[in-house]
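Hi,

Here is the structure I promised to pass on to you. Have a look at it first, and then read on for what turned up.

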Amino acid sequence: MAYQKVHGDQRTCSHSQYLDNDELQTTALDLEWDMEKELEEPGFDQFQLDNSENQNLGHSDTSDLNLDSIQPATSPKGRFQRLQEESDYISHYTRSSPKSNRGSFCHLLKLLSIATILFIFGLLIGYYTRANCPSDAISSATNDPQLYQEILKTIQAEDIKKSFRNLVQLYPSAVDTDISKRIKTHWTSLGLEDVQFVNYSVLLSLPSASPSTVTLSSGAQCFHPSGQPCNQEDRKDSSQNLLYSYAAYSANGILQAEVIDVSYGTREDLKMIKKMKNTTNQIALLKLGKLPLLYKISLLEKAGFGGVLLYIDPCDVPVTENLNHDNFMVTLNPGGDPSTPGYPSIDGSFRQSWPNLTSLVVQPISASLVEKLISLPAATTKKDICTPLELPHEEKRIVRLQVQTVTKFKTVTNVVGYVKGLISPDRYVIVGSQHDSGSPYIGQEWASSTAVITSLIRAVMQRVKRGWRPDRTIVFCSWGGTTLGNIGSYEWGENFQKVLQKNAVAYISLGSPVRGNASLQSVASPSLRQLVVEKIKFNCTRRTQCQENNVSSVQIPGDAHYFINHLGVPTVQLVYEIKKALEGPSFLSEAIFPKHATKIEETDPFFNLHETIARLSGEVILQIASDPVLPFNALDIALEVQNRLKGDQPCTHQLLAMASRLRESAELFQSDEMRPANDPKERAPTRVRMLNDILQDMEKSFLLQQVPPGFYRNILYRMDEKTLQFSVLLETLEHCESQASNETFQAAMSDVWGSINSAQVYFKAGLHVFENVLDGKN
């Protein structure tokens, strides 16, 4: 049994697409039979439609229920999969037998003539109708992986490379608005619908005209952050690189103080340091990694430090990545416009006076400058043995740190366009990339992201022009201001928060698609992890050599931040990484290096990795946008929660009991609500819509209101690959060990318990809703 909803203005076109010659002949015979009865019997019996035709054929007021041929089934993994169309899809009629005593030769000849005319007339109508309809139009409700492959096979590495090179020609002379105009023009030429600018006037933190300096008091030696002496003549084309090394939204000023090595700046590190030295108004020598930078900055503020020299230890990066003399930047912005925290930067918004987000004077420096600072002899670095940089605690170093940044209001531009969905146009699958933030120091990595999303738009629009459309609307976005704190995506999300909370289905990030060429790192929400694994395995079987891949739910910098932590939207991001980056400390990617086009092409000379990211992401996007039932796995969320509570953790018995109830509810929801979908009587569009509404909101229960700086509010995401426990519980446990009271830990336990309980109640409420629907039909 199947459902079909027919639009009044599309019946002839859509129906004619699927009728072959046999069906046309069957239709003609039915017409002949009906005509014979009508002429023979003025009061002929009324025909009855099959159950599949007893559905409402009119338009819905909200267009939410425009579902075509919804035929879900239960997979062994518990997700819906669409069934094939049944053989008796075409409606049949019940008719009374013709009366033999009414026939005559002349009468039959007349009927035969009329039937022949009708048959020829029907063929002509079918021919011209088919000619006026797209020959390759495909029902969007057909879940056909082969169709997705056909759409995405037009994505070619050579086209991505050509698009990338065209974009980098705009750099560095072009500004953000010029690049945005170029993207908008290109997307419009590809056929993307309603492509427009969305502008926000935001407070940006940029380097001043003069680079920061670090002066060693012992010998009055002055250095730039890269380690280059201040009195040395600037190398050719190095002036901008010197300016590039800065911490956005840092405090400004001059600070002369002792440098204290705090290693990675963990609670344990600071606890040990404070026992040995006075940290008030001193300068911390801090390694990037292991914990979020914002969290470590907050700990240093509480410890009384006045400044920070931030660097990356050479032992934490691959040997092939020689970053000893490279400048980098970081941002201290948790997200969005600092002058309008929590609300959009639009006309009429109140602007808060908050130019600096920390009281600390923060300056990123290179490893080579750290070596000069600690007077490291060359003999300490042996071949094939890496010794971590460390300043002995018994030694004293006094430096003069001068940091100067400029804050100014500038326009950040987002480019947004969409492909409108055919069945559920009010449900949005959002795809995001990034372009130049308006800062001339971020390099050309944005062009890599823009080239990938453009190739995906080109492939999708080629199919749309041939008559196909996804079930749900796909929104394509190119964000501005990403490197300074995901400003463009945050402001857009805050601007449309109410709409997105109700209608956003998933977010797929294409930001920084290729950072290395060793391993494919896939970050996905627990509910989408199974889908991503299936896509990677499917594409792997088609290749002669399968690269290592890793799918997990971990914190990762990028434009998905707002959608994960404020909307609770399931997300996916596929990135090629350097293998060492996966093995070393986490959060090293918070350092932003000005990666230029030559470096990107050296990493992926033929752009095959870019093509792989585009195709894999495209398959995920198309399946989420076109499956009648969202390919989200409810049980995987419950299993993820149980896995977080494994191991020797104190006071988790209450959480384990609640997690067990959550799993039971998720199992019931995933099994009991899948079986009715196989029943033709229950395969109603309203039921499928209800199920999708529940699936898309599953992760919203796991958003905490208050978390430490830099931590995800969505507790389904781990801190890193090596940490399985809930990050907020680990942090508060360390906090309690340094204090006599455990109130902080108990409060965090209560928050986690409330999230798990909320999710369990949510699934039970969903089961109850479906039970009421069934009872109402009985």
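This is a predicted model: local features need pLDDT of at least 70, side-chain atom pairs count only at pLDDT 80 or more; totals for chains, interfaces and linings use all residues.

In it, 54% of the 778 residues count as buried. The secondary structure consists of 23 helices and 19 strands. If you take the contacts between residues at least 6 apart in sequence, 84% of them join residues at least 24 apart.

Next, the cysteines. With a cut-off of 2.5 Å between cysteine sulfur atoms, the count is two disulfides.

One of these disulfides is formed by Cys222 and Cys230, with 2.1 Å between the sulfur atoms. The torsion about its S-S bond is about -65°, so this disulfide is left-handed. Cys222 is partly exposed at 25% relative accessibility, and Cys230 is partly exposed too, at 23%.

The other joins Cys315 to Cys386, with an S to S distance of 1.9 Å. Here the S-S torsion is about -100°, so this disulfide is left-handed as well. The pair links distant parts of the chain, 71 residues apart: Cys315 sits in the loop between strand 9 (307–311) and strand 10 (330–331), while Cys386 lies in the loop between helix 10 (367–373) and strand 12 (398–403). Why does Cys315 count as buried? Its relative accessibility is 18%, and buried means under 20%.

Seven strands make up an open sheet with mixed pairing, in the order 5-4-12-7-8-9-11. At its edges are strand 5 (221–223) and strand 11 (361–364), each of which pairs on one side only. On average, neighbouring strands of the sheet are turned by 30° against each other, direction ignored. Helix 9 (residues 293–302) packs on this sheet and touches strand 8 (283–287), strand 9 and strand 11. The direction of helix 9 makes about 155° with that of strand 8.

Strand 4 (residues 213–216) and strand 5 run antiparallel and are joined by three bridges. Within strand 5, Cys222 is the bridge partner of Thr215, and Cys222 is also the residue that forms a disulfide with Cys230.

Best wishes

Notes. Residues are numbered from 1 along each chain as its sequence is written. Side-chain values use heavy atoms; hydrogens and water are left out. Buried means under 20% relative accessible area, exposed over 50%, partly exposed in between (1.4 Å probe, protein chains only). Helices (H or I, at least four residues) and strands (E, at least two) are DSSP runs, numbered from the N terminus. Contact means heavy atoms within 4.5 Å. Two strands pair if DSSP finds at least two bridges between them. Axes are lines fitted to C-alpha atoms, for helices over the stretch in contact, and angles run from 0 to 180 degrees between N-to-C directions.
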